[in-house]
Structure formats: C-alpha cells, structure tokens
Amino acid sequence: MEEPAAHNGSAAGAAPGAGAAARPPATPEGMALAYGSLVLMALLPIFFGALRSVSCAKSKNSSEMPETITSRDAARFPIVASCTLLGLYLFFKIFSQEYINLLLSMYFFVLGILALSHTISPMMNRFFPANFPNKQYQLLFTQGSGESKEEIVNYEFDTKDLVCLALSSVVGVWYLLRKHWIANNLFGLAFSLNGVELLHLNNVSTGCILLGGLFIYDVFWVFGTNVMVTVAKSFEAPIKLVFPQDLLEKGLEADNFAMLGLGDIVIPGIFIALLLRFDISLKKNTHTYFYTSFVAYIFGLGLTIFIMHIFKHAQPALLYLVPACIGFPLLVALAKGEVTEMFSPALGSAGKERPQPEPAGASSWKGDARLPAQGATRRAQSPRRRRGPPKKS
C-alpha cells in the first residue's frame with residue numbers, strides 16, 4: 001500500500017517516510033506475508049495475555065495486582081486520550097521533532113526493557129538449573145515516617161529477574177541505536193502482552209463503555225481531522241507493530257512497512273481477557289465467550305485489512321473491531337440466555353464456586369477474580385505503586 005497508516009491505531013498501511021512516494025508498489029506475495037504476519041503478531045499477545053490475566057487475577061502478591069478499570073475510568077479514557085493526542089500534535093508543531101523523538105526514545109527504551117523483562121521472565125525460568133543461586137532483592141522507597149509512612153516504590157525482584165533484565169537491555173540498546181523493526185516489534189509485543197495481562201475491566205458493561213468511547217474517538221480523529229496522520233508520521237516509538245511488505249525483495253533491510261497500532265491490540269485484548277475470566281466464573285469447563293470474541297477479533301481485523309485494500313486508504317481498525325468483539329459474544333449470550341449474567345456487576349469469582357446472594361461487602365466477580373467488592377475502591381484510594389517483575393518462588 002502506498003497510503004500511510006493514519007495513526008497508531010490503524011490496521012495497516014505503508015509506513016510514512018520521505019521516500020514513500022518513490023517506492024514501487026508492494027507485490028501481492030509481499031502484502032499477503034506482511035498482513036498475515038501482523039494478524040499473527042496481534043493474536044499472540046491477546047491469547048497469552050488473556051491466559052496470564054487469569055493467574056494475575058488470582059495472585060495475592062500486591063506487586064502483581066492488576067490495574068482495574070472502572071466505568072468512570074472507561075468514560076474518561078477517550079477524553080484523556082484526545083487531550084494527549086492533541087498535546088502531542090501541538091508539541092510536534094511548536095518544538096523540534098528531533099528532540100521530542102530523542103526524549104521519547106529514552107522513555108520507551110526504559111519502559112520497553114522493563115516490559116520485555118516481565119514478558120520473558122516466566123519462559124526464562126524454565127532454562128535456569130535447579131541449583132541456580134537465586135537471591136531475593138527489594139527496592140523500597142517510602143515517604144514520611146511513623147504511622148504516616150507511605151510506600152512510593154515497592155519493587156521486588158531476584159537474580160533471575162536481573163538476568164532477564166540484562167537480556168532485555170540488549171534489545172533495548174539495539175532499538176535505541178538502530179530503530180530496527182524487529183527490535184520495535186519485540187518491544188511492541190511486550191507492551192501489548194503486559195497491557196492485556198495487567199489492565200482488567202471490572203465488568204462487561206465497563207468494557208462496552210470503553211470500546212464504544214474509543215470507537216467514536218478513533219473514527220473522529222482519523223476521518224475528521226489530520227491530527228492522527230501528523231502525529232503518526234512524526235512519532236518514533238514502539239507503539240505499533242510493523243512488518244515489511246518488501247521483505248522478499250530486500251530481506252531484513254526492507255523499509256516499506258505495513259503497520260498495526262498497539263491500541264488495536266490492547267483495547268480489544270483486555271475485553272477478550274475479561275470474557276475468558278467470565279467463562280471461568282461460569283464453572284462450565286468451557287471457554288465459549290473467549291473463543292467467540294477471539295474469532296470475532298480475527299474477523300474484524302481481517303475486514304479492516306480488506307476494506308483498506310479496496311479503498312487504498314488506512315482505516316481506523318476499531319471501527320470494525322469494536323462491533324465484532326462486542327456483537328459476536330452478545331449474540332452467543334442471547335442464544336444461551338446468559339445476557340443477564342454477562343452484564344451482572346457481580347458474577348462470581350473465576351475458578352471458585354458461584355456465590356449465593358450475600359450481604360453487602362461479600363466477594364464479587366466484577367472482572368477481577370480475587371478482590372472483594374470494595375477492593376477496587378480501596379486500591380484507588382491508596383498511592384499507586386510502580387510494579388516490578390513478579391517475585392519468583
């Protein structure tokens with residue numbers, strides 16, 4: 001495709017660049033390889049992030065607690081995202097693009113290393129020998145003293161985490177020096193998986209509010225203004241997955257990229273992960289809603305690519321993903337007569353017996369398997385901690 005991706009949420013398109021207009025059109029084989037690879041890369045963090053979100057929800061370790069998104073958070077999110085996008089647009093218009101991207105590169109360099117380290121840590125633990133000298137560490141910053149002492153940072157890690165951090169730093173340096181598309185994708189996949197794993201919707205209604213709001217946000221900023229296009233062309237950070245359409249001709253040095261924004265992975269992904277936890281809460285040993293929404297995501301993303309190919313213009317993927325990811329599971333719930341249970345604010349805990357009606361304060365599902373009904377409120381009132389790599393047993 002010769003059209004640039006409209007924004008970090010567009011499904012695909014040729015990456016913007018000064019020489020984009022002079023590039024020869026991509027071959028059908030190259031386009032098929034690029035878009036097929038993007039779809040596969042999008043599915044991996046959603047699938048494994050959803051599975052890890054179940055374990056995360058059951059964890060009793062405070063450093064591994066997910067961030068719970070309430071209906072109020074979901075309603076405000078499109079507004080906050082719009083302000084952020086407009087702010088970036090003004091920054092790029094007023095200040096030098098080079099210095100802004102240098103600052104953003106350093107910021108995402110640090111975040112990417114931490115995210116990638118957390119992503120590969122469970123897999124790397126299988127390669128450590130049983131007699132590996134693993135020591136525990138804790139980085140703790142507090143404010144105040146005595147009874148007024150508050151934790152600012154509580155970062156628990158061990159020797160294995162340090163090894164993962166060192167390996168991730170190699171990728172970070174590679175990205176910082178070369179901005180290579182493979183390093184970009186490693187960071188992008190890590191961000192996506194961590195987002196799906198650690199961002200939890202408290203119920204299905206909240207998910208519908210979030211996806212509906214971002215549906216409007218996506219359509220407005222793509223079709224209504226040029227803000228998305230300008231920011232996407234100027235923003236150099238691993239906030240999208242890319243794959244070269246000329247890989248077959250140029251190999252790893254290819255530079256004509258199709259792209260998929262991380263927002264089009266994480267936003268539907270946290271909703272799909274919620275439906276997996278809902279499946280578990282039903283205690284029917286089936287994952288009907290999870291697989292339905294997963295197939296719906298594939299359908300929506302495929303439709304996005306098809307429409308973009310037909311009209312030769314980058315598309316806001318949420319325009320197609322949101323109706324699919326909400327509509328398909330809702331049709332299944334209608335067919336099974338479980339709409340009331342799906343939209344109930346208290347659906348029972350994942351992996352536990354569904355509770356009978358209990359007095360106020362009893363345990364509720366609310367999309368987060370292990371928290372009491374007031375858990376999200378208590379956590380919202382406490383100071384936010386920086387989450388480190390999970391503590392190993």
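Phe 108 is buried, with a relative accessible area of 13%; buried means under 20% relative accessible area, exposed means over 50%, and partly exposed lies in between (1.4 Å probe, protein chains only). The model is predicted, so local features need pLDDT of at least 70 and side-chain atom pairs count only at pLDDT 80 or more, while totals for chains, interfaces and linings use all residues. Residues are numbered from 1 along each chain as its sequence is written, and side-chain values use heavy atoms, with hydrogens and water left out.

The chain has 13 helices and six strands. Helices (H or I, at least four residues) and strands (E, at least two) are DSSP runs, numbered from the N terminus. Of the 393 residues in the chain, 51% are buried. A contact means heavy atoms within 4.5 Å. Among contacts between residues at least 6 apart in sequence, 75% join residues at least 24 apart.

A pair of aromatic rings is described by the distance of the centres and the angle of the planes. Rings of Phe, Tyr and Trp (its six-membered ring) pair if their centres lie within 6.5 Å; planes under 30 degrees apart count as stacked, over 60 as edge-to-face and the rest as tilted. The structure holds 19 aromatic pairs. In one of them, the rings of Phe 47 and Phe 294 have centres 5.8 Å apart and planes at 65 degrees, so this pair is edge-to-face. Phe 47 lies in helix α1 (residues 28-58) and Phe 294 in helix α10 (residues 288-311), so the pair ties together parts that are 247 residues apart in sequence. Phe 47 is partly exposed, at 26% relative accessible area, whereas Phe 294 is buried, at 13%.

The pair of Phe 108 and Phe 191 is also edge-to-face, because the ring centres are 6.1 Å apart and the planes stand at 75 degrees. Phe 108 belongs to helix α3 (residues 97-124) and Phe 191 to helix α5 (residues 181-198), so the pair ties together parts that are 83 residues apart in sequence. Phe 191 counts as buried at 18% relative accessibility.

Both residues belong to a cluster in which ring pairs link Phe 92, Tyr 107, Phe 108, Tyr 175, Phe 187, Phe 191 and Phe 235. The charged end of Lys 179 sits over the ring of Tyr 175, 5.2 Å from its centre; for this, NZ of Lys or CZ of Arg must be within 6 Å of the ring centre and within 35 degrees of the ring normal.

Two packed helices are described by the angle between their axes and the distance between the axes. Axes are lines fitted to C-alpha atoms, for helices over the stretch in contact, and angles run from 0 to 180 degrees between N-to-C directions. The axes of helix α4 (residues 159-178) and α5 come within 9 Å and cross at roughly 130 degrees. α4 and α5 are therefore oblique to each other; angles under 35 degrees count as roughly parallel, over 145 as roughly antiparallel, 65 to 115 as roughly perpendicular and the rest as oblique. Residues making the contact include Trp 174 and Tyr 175 of α4 and Leu 186 and Phe 187 of α5.
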